[in-house]
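Please keep the viewer open and follow the points one by one.

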Amino acid sequence: MKKYTRSLIATGIALALVACNDDSSVNDGKELPASQPVTIEVNGAKVTGLTESNEITALSGNKEVVRVEAFKGIKFADGERFQHSSLVKVDGSTDIDATEFGYICPQLGETGEAQAEDCLNLNIWRPAGTEANAELPVYVFIHGGSFESGSGSTELNRGDTIVAQSISDYEAGDRSEPFIAVSVNYRLGLLGSLWVDGKENPKGGNYGIGDQKRALEWINDYISEFGGDAGNVTVYGESAGAMSIGILQEDKDVAGQDYQRAIMQSNPYGIAYKNYASAQSIWNDVKVAVTGSEDTADKNVQDLLADMSLEEVKGLQQNLKGNLLSYLIESKPSTSGFLPFAPYIEKKAFGPAGHHLTKQPLSNTDFNVETVIGFNTDESNLFTSMFEPLLYANIKNKDGEFVLGGDVVLQEDFIIEGVIELPKGTSVRELLEHEAIGGMYGILVKAFFGGIPKVSESIPGNCDVISFAAGLCKGQQLFSKVSDYKPELGSGYSLEMSTANIRTARMLANDMLFTCPSRKVVQNNVATSTTMYHYEHESQFNFWPFDAMPLASLSCQNLDGLKGKACHAAELPFVFGKAINGAGQPVLTNAKDNQVMAAMSREWFKDTLFTDNEWESGSDNYLKIGGEGNIFESAANFGADDSAIGARCDDLEAKGLLDF
């Protein structure tokens, strides 16, 4: 197994020098040179972009201004509402103004960027003066956002800084060549994925995935005229972007054809994609919301949706989000309801064959391109944060009074046959602490992973993965059969007990959604060059600011209040070399942040990321990033020195709990 040697040695001096810059000030107050138009010819069309100045910290540690050409908002496909997109070809009949970013795809909330359904555009950054057919490597970024938000043009996701660094490093002799960066948009929310009858519509309703394929097709057709090598394309994405790449890996007409390598940052392989019937159930909710009845013909509802204003469609999506709890409990497989607008499995037994997504990627994907896959230390805090306040429900003060609200009693007998029998008048909090319930911790684990018993028609229960030997649903097994995940319970509920249960819930979510499934995927792909990484860096700033996401911010802040944890998406500023948080706000960085940023935003875009740490079953090796040792450090025996993560993953795999 190779180690990181030359590449890190070459940047070692830079890291020491960069550490001296412990803030994120730019250009010492001087104005950067103004942008200038640049026009190139692409298949007979004149495409006009901008030559822009980007200030970076060079390997020498000095500030340097580098010129990068940016071509923004290039339309790659047409996508009518609830129709699959079609490629927009470039020819001499129409010139292209690529001097401004295009619309981003419609999404809820304030984005600061103009939204419209005409949003299927991409952005290209290349070294200034690049000639056509220069055959530079190409890196294509697919953004995250739970398949509900995000864009390729948000400041953090722009490729200007990383391309500028590649130019500077090439001139300094640290790279064999610079590279070209591309970012893309794809349809989101209801507009990106909505069930259709697969017999009548064989391509299914995963429109956003189709958009991504059209973007890669466009890049494959035209990137050579921007100086890129269509045979050397790397796709990389974070969160929903990584999930998208996991889906694209299943399509052998895309993987290995339109791209040759892949990087998946924080792909929650442990979150299933809803099956055909569960996707249809959401469609039935749409029918009720639009017409008041599930019995309305599909075609009539589709016609009504087509005639709605964009704001009405977004309002419909907002209403559906109010069903998150029922989706979480009812969608199959368990966990799939957590992302209700993610793609769905289009294949159905004795029914449609499916098109874009036909099987769960966790256990059924054979990579045929070199792949890097990894996770962050505190990945799931972002997801558990919205439920964590519930784990403090039973805390009492020194006088025995509940801190959060008064007590509530059952208004009727509560009976789950053979499990619980409590009479009318029993404290609800006593019910919660019943051994079969397991407190709010137990309820959350069973709601998410399966094991909520049927109480009534309105609470139908969920249990789609059953261990026949144990006679238990997955959530019940996690709760009662895996010692590492057992909660602390008791009548003397305290702040300490609740906090301990929150830590356990976070560990469980990290293991089940990110860490162990990622390792399982790597283990299943030994025939292909695959690298696993673990991002550990705790930065001076919290990626999730309190004013934008209070609960997420609290869960991603260290107790000392001085560092942000390695939470979901926390690596993005370090990949893109931008001192910006998740809300797009500038942040102050310290010496270690600058070192990690200088290293990661360079090493991420080198061949050595794929070749120097290939996973080997005998050593169970992985790449540690941003830990206490070297910034990029090869390590063996995964989890052996990290709270026995590896042992927990082995236990989950042995019990079959990682499967859907």
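1. Let us begin with Asn157, which counts as buried because its relative accessibility is 8%; buried means under 20% relative accessible area, exposed over 50%, and partly exposed in between, with a 1.4 Å probe and protein chains only. You will find Asn157 in the loop between strand 8 (136-142) and helix 2 (160-171). Helices (H or I, at least four residues) and strands (E, at least two) are DSSP runs, numbered from the N terminus. Setting aside neighbours within four places in sequence, Asn157 is in contact with Phe141, His143, Ser151, Gly152, Ser183 and Phe576, where contact means heavy atoms within 4.5 Å.

2. A word on the background. The model is predicted, and local features need pLDDT of at least 70, side-chain atom pairs count only at pLDDT 80 or more, while totals for chains, interfaces and linings use all residues. Residues are numbered from 1 along each chain as its sequence is written, and side-chain values use heavy atoms, with hydrogens and water left out.

3. Next, have a look at Phe543, in the loop between strand 17 (530-535) and helix 16. Phe543 counts as buried because its relative accessibility is 6%. Beyond its neighbours within four places in sequence, Phe543 has contacts that include Leu156, His568, Ala569, Pro573 and Ile580. Between the C-alpha atoms of Phe543 and Ala566 there are 8.8 Å, although 23 residues separate the two along the chain.

4. How many disulfides does a search of the whole structure find? The search finds 3, a disulfide being a pair of cysteine sulfur atoms within 2.5 Å. One of them joins Cys105 to Cys119, with 2.1 Å from S to S. Cys105 and Cys119 both sit in the loop between strand 6 (96-97) and strand 7 (121-127), 14 residues apart. Their link is right-handed, with 90° about the S-S bond, and both cysteines are buried.

5. Another disulfide runs from Cys516 to Cys649, again with 2.1 Å from S to S. Here the partners belong to helices: Cys516 to helix 15 (residues 495-523) and Cys649 to helix 20 (residues 645-654), 133 residues apart. The torsion about the S-S bond is about -75°, so the link of Cys516 and Cys649 is left-handed. Cys516 and Cys649 are both buried.

6. Cys556 and Cys567 also form a disulfide, with sulfur atoms 2.2 Å apart. Why is this disulfide left-handed? Because the torsion about the S-S bond of Cys556 and Cys567 is about -110°. Both partners lie in the loop between helix 16 and helix 17 (572-576), 11 residues apart, and both are buried.

7. Finally, turn to the largest pocket, with a volume of about 1,500 Å³. A pocket is an open set of points on a 1 Å grid over the protein atoms alone, where a 1.4 Å probe fits, with protein on both sides within 12 Å along at least five of seven lines; lining residues have an atom within 4 Å of a point. Of the 48 lining residues, Gly145, Ser149, Gly150, Trp544 and Met549 are the closest to the centre. Helix 8 (310-321), helix 11 (381-384) and helix 16 (550-555) each give two or more residues to the lining. At least three lining residues come from each of domain 1 (42-265) and domain 2 (371-379 + 511-654), with bounds from an automatic or database domain assignment.

Definitions and conventions
Grid points are joined across faces, edges and corners, and a volume is the space filled by probe spheres set on the points.
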